[in-house]
Amino acid sequence: MKSSEDEILISLSKQLSIPYLKEIPDGISSELVSQFPLSFLKTFKIFPLKKVKGRVTVVMADPFAPSLDELETILNSKVERVLGKSSEILRLIERCYYQPEDSAKVEKDLDQDSEITSTETDFLPEESGNLLDLATRAPIIRAVNQILFQAIEKRATDIHLQSLENNLKVRYRIDGLLYDAFDFPRRFQAAIISRIKVISKLNIAERRLPQDGRTTIKFDGRELDIRISLMPTFFGENAVLRLLDKNTFLFGLEALGLSSENFKTFSRLIGSDHGIILLTGPTGSGKTTTLYAALDKINSPTKNIITLEDPVEYQLGGINQIQVNPKIGLSFANGLRSVLRHDPDIMMVGEIRDLETAEMAIQASLTGHLVFSTLHTNDSASAITRLLDMGIEPYLISSSLLAVMAQRLVRVICKNCSESYLPPGEGLREIGLKKADLGNRHLLQGKGCKTCLETGYRGRTGIFELLVVNDEIRRLIMEKKPAHLIKKSATASGMKTLRDDGAKKILNGVTTVDEVLRVTQEE
């Protein structure tokens with residue numbers, strides 16, 4: 001069934017004898033597009049398609065705005081109008097302004113603007129007016145857009161802009177590892193960093209202090225949040241941009257990579273009416289994603305869920321989310337004190353950083369609330385000894401703690417270029433496998449292809465270590481036993497360690513021996 005916009009455009013096409021393009025070709029002429037400001041193209045929903053024999057074809061959603069005379073004046077050429085859907089035109093505009101090009105083409109584009117280039121090695125204008133002028137020039141806008149586009153295309157989670165002695169290096173973090181992307185001469189550093197400040201509404205004249213900001217961009221119908229952090233260094237300012245795709249950030253609990261046993265146990269634990277559940281692991285191990293997945297699974301109209309986060313990375317429907325701000329005295333501990341007066345059923349505390357927060361979280365769990373939080377420890381058993389080291393009484397931990405889950409992220413073998421291989425016996429032994437465990441099956445590894453950027457991996461999944469607090473573990477806590485004895489007791493009760501879970505994923509062809517060894521500590 002045709003949409004109303006389709007019917008209107010078909011009708012206008014017949015009345016005005018202007019062709020209507022149901023499908024607009026993707027071919028883009030950068031030379032034609034550069035003659036229009038981005039705001040002009042978006043406001044009027046027009047796009048120049050091609051120039052043939054001195055006549056430019058322009059697709060537009062409204063044949064009367066802008067006027068034909070105005071278009072011919074801007075392009076200094078005769079114009080032939082064609083009609084197209086506004087959504088298709090906006091898609092073309094986005095693809096043009098985020099069109100993938102290599103660094104050489106981007107640098108050539110910058111070099112052609114005499115106002116940006118300079119023969120001086122250190123190009124740092126002092127006046128904010130000059131910086132603003134540079135940051136809003138079309139070549140700089142396109143250069144920053146290229147950086148953003150390629151990051152999105154390559155599934156990067158972070159963009160690093162590093163100011164060095166002779167150049168500005170741009171690197172992308174893809175599946176947890178950093179890869180070089182662009183190298184700009186140093187003379188473009190001030191303009192590019194200033195453009196980053198402009199889009200995140202930061203002070204472009206301030207280059208001596210760190211600054212944090214955020215912005216939102218739309219690309220190919222997706223909305224991305226970008227968190228921006230600037231840090232002054234010896235050779236200029238560094239910038240790190242964290243990309244958060246609202247469409248893909250939230251995973252269901254089933255999609256995290258939990259084994260069937262861990263999924264069943266963890267689902268039961270998060271259905272408890274009181275107690276505390278801790279997640280542990282280093283920064284970037286997916287703890288926040290797991291917490292969000294757990295909260296999303298147990299969220300219902302009958303429960304009041306409140307979170308304290310630093311920062312709020314994703315907005316969850318029906319959940320009250322609070323961003324802590326230590327600068328004004330809103331710490332995790334102070335926030336917890338206030339949250340308890342709001343009659344919560346379930347609370348999530350982004351991180352337990354000090355004794356006061358730990359005590360309040362445990363007290364909340366003992367007074368009929370289910371509390372989720374995180375700790376930075378290497379494994380699940382170490383979280384218990386960390387709480388003891390903080391000064392929490394053993395009887396409080398043993399009576400409130402339901403479980404601790406340690407996790408890591410491992411890269412997944414690229415399905416497009418996977419091939420069978422036999423890893424060396426030493427690697428298998430280190431991971432806890434024997435050649436007899438393989439049987440007749442062959443392990444997989446990625447050969448490297450265009451799809452996975454020649455890495456052999458595409459995407460990530462979790463490996464988990466779920467320690468459920470039972471009577472024996474409670475006895476060990478009360479006796480203040482060290483982490484290795486707690487872990488030994490847990491494994492005797494059936495707990496699978498991080499390496500055990502990783503070994504299972506290796507046998508199932510999900511990841512490789514090298515990858516599991518990379519992210520796990522020596523057992």
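A: Let's begin with a term: a residue is buried if its relative accessible area is under 20%, exposed if it is over 50%, and partly exposed in between. Keep in mind that this is a predicted model. The pLDDT averages 85 over the protein, and 88% of the residues score at least 70. Residues 117-129 have a pLDDT below 50, and this stretch has 26 contacts in the model beyond near neighbours in sequence.

Now for our side chain. Ile217 is found in strand E7, which covers residues 211-219. Its relative accessibility is 10%, and therefore Ile217 counts as buried. From Ile217 to Ile199 is 18 residues in sequence, and their C-alpha atoms are 9.6 Å apart in space.

Burial also shows up on a bigger scale. In soluble globular proteins, nonpolar side chains tend to be buried together. The largest nonpolar core here has 37 residues, and Ile276, Leu278, Ile384, Ile397, Leu401, Leu467 and Ile473 have the most contacts inside it. Leaving out residues up to four places away in sequence, Ile473 touches Ile384, Leu467, Val468, Ile486, Ser489 and Ala490. Another core, of 31 residues, lies apart from that one, and Ile140, Ile147, Leu224 and Leu241 are among its members.

Helices can have a buried side too. In helix H12 (residues 332-339), the buried residues are Phe332, Ala333, Gly335, Leu336 and Val339. They are on the same side of H12 because they cover an arc of only 160° around the axis. Among the elements covering these buried residues are strand E11 (305-309), strand E12 (320-323), strand E13 (346-349) and helix H13 (355-366).

Next, the charged pairs. The model has 20 salt bridges. In one of them, the closest N and O atoms of Lys169 and Asp180 are 3.7 Å apart. Lys169 belongs to strand E5 (residues 167-174) and Asp180 to strand E6 (residues 177-185), eleven residues apart. Lys169 is buried at 18% relative accessibility, whereas Asp180 is exposed at 56%.

Another salt bridge joins Glu261 and Lys504, at 3.6 Å from N to O. Because Glu261 is in helix H10 (residues 260-269) and Lys504 in helix H20 (residues 498-507), this pair ties together parts 243 residues apart in sequence.

Arg475 and Glu472 also form a salt bridge, with their closest N and O atoms 2.5 Å apart. These two are three residues apart in helix H18 (residues 471-478), so about one helical turn separates them. Salt bridges with shared partners bring Glu472, Arg475, Glu479 and Lys481 into one network.

Finally, what about cysteines? The structure holds zero disulfides. The closest cysteine sulfur to that of Cys414 is in Cys417, and at 3.8 Å it is too far for a bond. Likewise, the sulfur of Cys452 has its closest cysteine sulfur in Cys449, at 3.7 Å, which is too far for a bond.

Terms used:
Residues numbered from 1 in each chain as written. Predicted model: local features only at pLDDT ≥ 70, side-chain atom pairs only at ≥ 80, totals over all residues. Heavy atoms only, no water. Core = buried A, V, L, I, M, F, W, Y, C linked by side-chain atoms within 4.5 Å. Buried < 20%, exposed > 50% of the residue type's maximum accessible area, 1.4 Å probe, protein only. Contact = heavy atoms within 4.5 Å. Disulfide = S-S within 2.5 Å. pLDDT = per-residue confidence, 0-100. Helix = DSSP H or I, 4+ residues; strand = E, 2+ residues; numbered from the N terminus. Arc of directions from axis to C-beta. Salt bridge = Lys/Arg side-chain N within 4 Å of Asp/Glu carboxyl O.
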